[in-house]
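Me: I'm new to this one and would like a guided walk through it. Could you show me the sequence and the structure, so that I can ask my questions as we go?

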Amino acid sequence: MGVGRSAVVLAGLLAGAIQAQSSDVAPSSDVARRIVDTMLTHEGDPAEHRLKYMYLSEERAERTGGHLWTERVVETPMGKVRLLLAEDGKSLSAERQAAEKARLTDIAKHPDAFQKREQAMKNDEQHAEQMLALLHKAFLFDEPHTEGSDLRIGFRPDPAYQPKTMEEKVLHSMSGAVLVDERTNQLHRIEGKIPSDVSLGYGLLGTIHAGSSFSTEHAMEQGGEWKDALVNTAIEGKAMLFKEIGRNEHVVHREFQRMSDSINVADAVALLVR
């Protein structure tokens, strides 16, 4: 999930962060907590994320070397099969097109190796989902209010909660809002921001600047499933010896088309290279 990728990015950059908390804390909304818990139940239910899709992805991130990659992606039970179509708005050369097709042919011939690589990525996503689940125990919530077809709920760290791991400390430094679709109780959007500079290792390792942020947006597609539609991450700071810290990611998914729930890797490759 798009929420998962943003949280992993923050975990890698903000490990060891310590955020001072105010002793003057406004009460948390029980109504908002119940809504968030219901949303998290939907997020964690595999039965609600079983449908497979083909879609167009546009991504600029570390994975793409800072370039804007346009890819056609097909989801399979073994993982996501991707075909690079363009870079920075330009079609691939004949040589790169041939290399892409050769890579996909190799994937079709060795699906077990492909699945192993994809499983490593999936484990990262599951880890991030566990961090998202901290919302129900590590944060305080404002009263929900209607925003279009959503319920908007602000969240802030609960100073009474003591993070148990580095990852929990990371998420616990965030303040932001969740937007929950009022009709389905599904996550529509989550956005978080670091309200003040965050020290890494008591300041010995560096500082993440105030204003660093992330957001993930879901959209309901054919079949009624909510899919990642937009991911934005903007993390800025300084490490030891004034080295720049930065992680910027922008991802857009669109043109979703339903696929067979049992589509295999070979069929996905054939669909992409035809």
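**Questions along the chain**

Me: What is the relative accessible area of Asn-185?
Reply: Asn-185 is partly exposed, the label for residues between buried (under 20% relative accessible area) and exposed (over 50%), using a 1.4 Å probe and protein chains only. The value for Asn-185 is 26%.

Me: Before we go on, what pLDDT do local features need here?
Reply: Residues are numbered from 1 along each chain as its sequence is written, and side-chain values use heavy atoms, with hydrogens and water left out. This is a predicted model, where totals for chains, interfaces and linings use all residues, side-chain atom pairs count only at pLDDT 80 or more, and local features need pLDDT of at least 70.

Me: Back to Asn-185: what is its phi?
Reply: Asn-185 sits in the loop between β9 (175-181) and β10 (187-193). Most residues other than glycine have a negative phi. Asn-185 isn't a glycine, yet its phi is positive, at about 60°.

Me: Which loop holds Asp-88?
Reply: Asp-88 is another non-glycine residue with a positive phi, of about 55°. At 37% relative accessibility, Asp-88 counts as partly exposed. You'll find Asp-88 in the loop between β4 and β5 (90-91).

Me: How many helices and strands does the protein chain have?
Reply: Helices here are DSSP runs of H or I with at least four residues, strands are runs of E with at least two, and both are numbered from the N terminus. For the protein chain, that comes to seven helices and 15 strands.

Me: Why is β2 described as largely enclosed?
Reply: Strand β2 covers residues 52-60, which is nine residues. It's largely enclosed by the rest of the structure because the number of its residues that are buried is seven.

Me: How many bridges join β2 to β3?
Reply: Strands pair if DSSP finds at least two bridges between them. Strand β3 (residues 68-76) runs antiparallel to β2. Glu-59 stands opposite Trp-69 in β3, and Arg-60 stands opposite Leu-68. The bridges joining β2 to β3 number seven.

Me: Through how many residues does the hairpin join β3 to β4?
Reply: Strand β3 is joined to β4 (residues 79-87) by eight bridges, and these strands run antiparallel. Thr-76 stands opposite Gly-79 in β4. The hairpin gets from β3 to β4 through two residues.

Me: How are α3 and α7 oriented to each other?
Reply: Helix α3 (residues 94-109) and helix α7 (residues 265-273) have axes 9 Å apart and pack at an angle of about 160°. Axes are lines fitted to C-alpha atoms, for helices over the stretch in contact, and angles run from 0 to 180 degrees between N-to-C directions. Under 35 degrees counts as roughly parallel, 65 to 115 as roughly perpendicular, over 145 as roughly antiparallel and the rest as oblique. So α3 and α7 are roughly antiparallel.

Me: Which residues of α7 meet α3?
Reply: Contact means heavy atoms within 4.5 Å. On the α3 side there are Lys-101, Leu-104, Thr-105, Ile-107 and Ala-108. In α7 they meet Val-265, Ala-266, Val-269, Leu-272 and Val-273.

Me: How many residues of that contact are nonpolar?
Reply: Ala, Val, Leu, Ile, Met, Phe, Trp, Tyr, Cys and Pro count as nonpolar, Asp, Glu, Lys and Arg as charged, and the others, Gly among them, as polar. The contact of α3 with α7 has one charged residue and one polar residue, and its nonpolar ones number eight.

Me: How far apart in space are Lys-101 and Val-273?
Reply: Lys-101 is in helix α3 and is partly exposed, at 43% relative accessible area. Along the sequence, Lys-101 and Val-273 are 172 residues apart. In space, C-alpha to C-alpha, they are separated by 6.6 Å.

Me: What separates the C-alpha atoms of Glu-191 and Thr-216?
Reply: Glu-191 is in strand β10. Its contacts, leaving aside neighbours within four places in sequence, include Arg-152, Phe-155 and Phe-214. Thr-216 is 25 residues away from Glu-191 along the chain, and their C-alpha atoms are separated by 6.5 Å.
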